Amino acid sequence: MELVTDAEGAVGVIGQRREVARHCAWCGRRLPDHGRIGRPRRYCAQPCRQRAYERRAAVQRGGLPEDAVVLSSTELADLQDRLFQLRCAAEDIMTAAEDGAGGEELRGLAAGMVDAARGLERLR
């Protein structure tokens, strides 16, 4: 990192790069950082690149918009199950609060709800 001053006396920073973790555009795994030569990687491996290509081709053939999300019936059922778990966790917290549950019990139930919400974050 180097500080520089321009002709008007403004101070700036040169050479400071913010390291941001990159993730595979298909499976979401963290991409390894292998230097700075060439284009940044979008996929962790060839199978992920191939699945992404197949999805783009299927979207184009089907006339769907480019930003369409395509899920298999198994993926949809899994997503619905995780949504149901999240709703049940929220209902458990609400019931416990109405029944006068203590702080520790509510914290435990809230932790379960956070876990269910984290499960929903993994859509791929």
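**Salt bridges, helices and burial in a predicted model**

User: At what N to O distance do the side chains of R118 and D115 meet in a salt bridge?

Analyst: In this predicted model, R118 and D115 both belong to helix α3 (residues 103–121) and lie 3 residues apart, so about one helical turn separates them. Both residues are exposed. Their side chains form a salt bridge, with an N to O distance of 3.7 Å.

User: Is R82, which forms a salt bridge with D78, buried or exposed?

Analyst: R82 and D78 are 4 residues apart in helix α2 (residues 73–98), so about one helical turn lies between them. The closest N and O atoms of this salt bridge are 3.0 Å apart. D78 has a relative accessible area of 32% and is therefore partly exposed. For R82 the relative accessibility is 6%, and because the cut-off for burial is under 20%, R82 counts as buried.

User: How many salt bridges does the count come to?

Analyst: Among them are the pair R82 and D78, the pair E91 and R87, and the pair R118 and D115. The count for the model comes to 5.

User: How far apart are the end C-alpha atoms of helix α1?

Analyst: Helix α1 covers residues 46–62, which is 17 residues.

User: Which residue follows α1, and which residues of α1 are buried?

Analyst: The residue after α1 has a positive phi, near 75°, and is G63. Within α1, the buried residues are C48, A52, A57 and V59.

User: What pattern does the protein chain follow along the sequence?

Analyst: The protein chain contains 3 helices and 2 strands. Read along the sequence, their order is β-β-α-α-α.

User: What share of the accessible surface of the protein chain belongs to carbon and sulfur atoms?

Analyst: Of the 124 residues in the protein chain, 15% are buried. Among contacts between residues at least 6 apart in sequence, 24% join residues at least 24 apart. The accessible surface comes to about 10,100 Å², and the share belonging to carbon and sulfur atoms is 53%.

Technical notes. Residues are numbered from 1 along each chain as its sequence is written. This is a predicted model: local features need pLDDT of at least 70, side-chain atom pairs count only at pLDDT 80 or more; totals for chains, interfaces and linings use all residues. Side-chain values use heavy atoms; hydrogens and water are left out. The expected span of a helix is 1.5 Å times one less than its number of residues. Buried means under 20% relative accessible area, exposed over 50%, partly exposed in between (1.4 Å probe, protein chains only). A salt bridge is a side-chain nitrogen of Lys or Arg within 4 Å of a carboxyl oxygen of Asp or Glu. Contact means heavy atoms within 4.5 Å. Accessible areas come from the Shrake-Rupley method with a 1.4 Å probe; for residues, only the protein chains shown count as cover.
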